[in-house]
Structure formats: structure tokens, C-alpha cells
Amino acid sequence: MLNSLHAQQIFDRGYEMCANALFSLSVVLRFIGSEAQAQEVDALVDTQIDQGLEEIRKESLRLKEVAEGNGIETAIGYTSAKTIDVQITSPRAIKYLAIIREFDAMMTHLDALWLSCVISDSQYARGVYEWKRRILRLAGQIRQVATRAVLAARRKETASETVADASEGPLVETENSPTDHTRVKLPEGE
């Protein structure tokens with residue numbers, strides 16, 4: 001269940017893209033690349049996701065404290081709450097979903113502060129915009145990392161196949177001089 005429209009928008013725009021990229025990292029990269037390469041990329045993505053989750057939790061806690069300090073109840077209801085169907089493709093997809101859910105919870109504090117006139121319209125709009133941008137940018141960065149890692153693994157796989165094919169080619173003798181015979185391996189078909 002996502003309560004705020006802003007969290008629903010992030011889910012609609014970023015979750016599937018990010019989940020597909022995370023699936024590529026967890027499954028596809030391990031299939032076409034090496035385990036060492038996959039672990040290196042995993043560590044990078046884990047750091048990005050964990051950092052994003054930690055930052056949004058800190059901001060949510062800060063906003064909650066501001067609301068409590070002003071005597072504002074942050075348990076507000078939303079009229080357009082939406083139940084979402086989520087396809088979990090990897091453990092990291094759950095972590096990205098946790099970021100969206102944490103953002104949704106943070107929005108209750110931000111909305112309560114705005115509706116209570118503690119923050120202005122422009123502060124509210126800027127805060128929402130910045131956090132949405134950060135969360136969607138994270139999804140884009142993960143997709144970019146996944147795409148690069150998979151392409152690099154495919155290039156490496158293709159290069160090793162080309163080398164293997166070349167080493168299996170027929171031997172042809174060429175005559176460079178009357179006393180020197182050089183053996184050259186040519187790929188088949190040449």
C-alpha cells in the first residue's frame with residue numbers, strides 16, 4: 001500500500017526499471033560473466049541502495065522530530081491510497097521497494113508539516129521534487145551500472161570465443177625466405 005501520490009509516481013516510473021536491472025545483475029551477469037565481476041558490481045549497487053535508504057530514513061526521522069516539536073500529529077490519512085502489486089525479481093528489488101515505502105512514510109511527515117503551515121508551499125514543493133529526483137536517479141544509476149556490466153561481460157565472452165576459434169584454425173605454412181618456414185594459424189574460412 002502506498003499512501004502518497006508522490007510515492008505512487010516513483011513506483012510507477014522507477015520500480016520496474018530498477019527491478020529489471022537488479023535482476024540482470026543477480027542472474028544474467030552471473031550467467032554470462034564471472035562471479036568476481038558480479039560480486040564487484042553487487043558491492044557497488046548494495047552501497048548505493050543502502051546509502052539511499054539510510055539518507056531517506058534520516059530525513060524521515062528529522063521531519064518526524066520537527067512535527068513532534070511543533071505538536072503536530074503525523075498520522076494523517078490519504079484519500080487516494082493505492083494497493084500495489086509488486087513483482088519481486090531479486091533481494092535488491094526488495095531493498096529498492098523499501099526506499100519507496102520509506103519515502104511514502106516520510107511524505108506523511110512532510111504533508112503534516114505543510115498542512116500545518118510549518119513549511120511553506122515552496123519548501124514543500126522543493127523537498128518533494130528533490131527526493132523524487134534522488135530516488136528516480138538511483139534507479140537510473142542502477143540500470144546504467146547493470147547495462148554496462150552486462151555489455152562488458154558479453155564483450156569479454158565474445159572476445160574469448162574469438163580467441164578460442166582462432167586457436168582452432170588450420171595451420172598454413174608460408175615461405176618468407178628459402179631457409180625460413182613460418183607457421184601461421186588462420187581462422188577457418190580464410
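Select Leu110 first: leaving out residues up to four places away in sequence, Leu110 touches Leu63, Ile119, Tyr124 and Val128. Contact here means heavy atoms within 4.5 Å. The model is a predicted one, in which local features need pLDDT of at least 70 and side-chain atom pairs count only at pLDDT 80 or more, while totals for chains, interfaces and linings use all residues. Residues are numbered from 1 along each chain as its sequence is written, and side-chain values use heavy atoms, with hydrogens and water left out.

Leu110 sits in helix H3. Helices (H or I, at least four residues) and strands (E, at least two) are DSSP runs, numbered from the N terminus. At 7% relative accessibility, Leu110 counts as buried. The term buried means under 20% relative accessible area, exposed means over 50%, and partly exposed lies in between (1.4 Å probe, protein chains only).

Next, colour the chain by secondary structure. There are four helices and two strands, and from the N terminus on the order is α-α-α-α-β-β.

Now show H1 (residues 5–32) and H2 (residues 35–69). Two packed helices are described by the angle between their axes and the distance between the axes. The axes of H1 and H2 come within 9 Å and cross at roughly 170°, which makes H1 roughly antiparallel to H2. Axes are lines fitted to C-alpha atoms, for helices over the stretch in contact, and angles run from 0 to 180 degrees between N-to-C directions. Angles under 35 degrees count as roughly parallel, over 145 as roughly antiparallel, 65 to 115 as roughly perpendicular and the rest as oblique.

To see the contact itself, select Leu22, Leu25, Leu29 and Arg30 in H1, then Glu35, Gln37, Ala38, Gln39, Val41, Asp42, Val45 and Ile49 in H2. By class, this contact of H1 with H2 holds seven nonpolar, two polar and three charged residues. Ala, Val, Leu, Ile, Met, Phe, Trp, Tyr, Cys and Pro count as nonpolar, Asp, Glu, Lys and Arg as charged, and the others, Gly among them, as polar.

Stay on Gln37, which is found in helix H2. Gln37 is buried, at a relative accessible area of 19%. Not counting residues up to four places away in sequence, Gln37 touches Leu29, Ala149, Ala152 and Ala153.

Then select Tyr96. Leaving aside neighbours within four places in sequence, Tyr96 is in contact with Ile10, Gly14, Tyr15, Cys18, Leu22, Ile49, Ile135, Leu136, Leu138 and Ala139.

From there, move to Ala139 in helix H4. Ala139 is buried, with a relative accessible area of 0%. With residues up to four places away left out, Ala139 touches Gly14, Met17, Cys18 and Tyr96. The C-alpha atoms of Ala139 and Tyr15 are separated by 7.4 Å, although the two residues are 124 apart along the chain.

Finally, show the largest nonpolar core. This core has 46 residues, and those with the most contacts inside it are Leu22, Tyr96 and Phe103. A nonpolar core is a set of buried Ala, Val, Leu, Ile, Met, Phe, Trp, Tyr and Cys residues joined through side-chain atoms within 4.5 Å. The elements that give two or more residues to this core are H1, H2, helix H3 (91–115) and helix H4 (121–167). H4 supplies the largest share, twelve residues.
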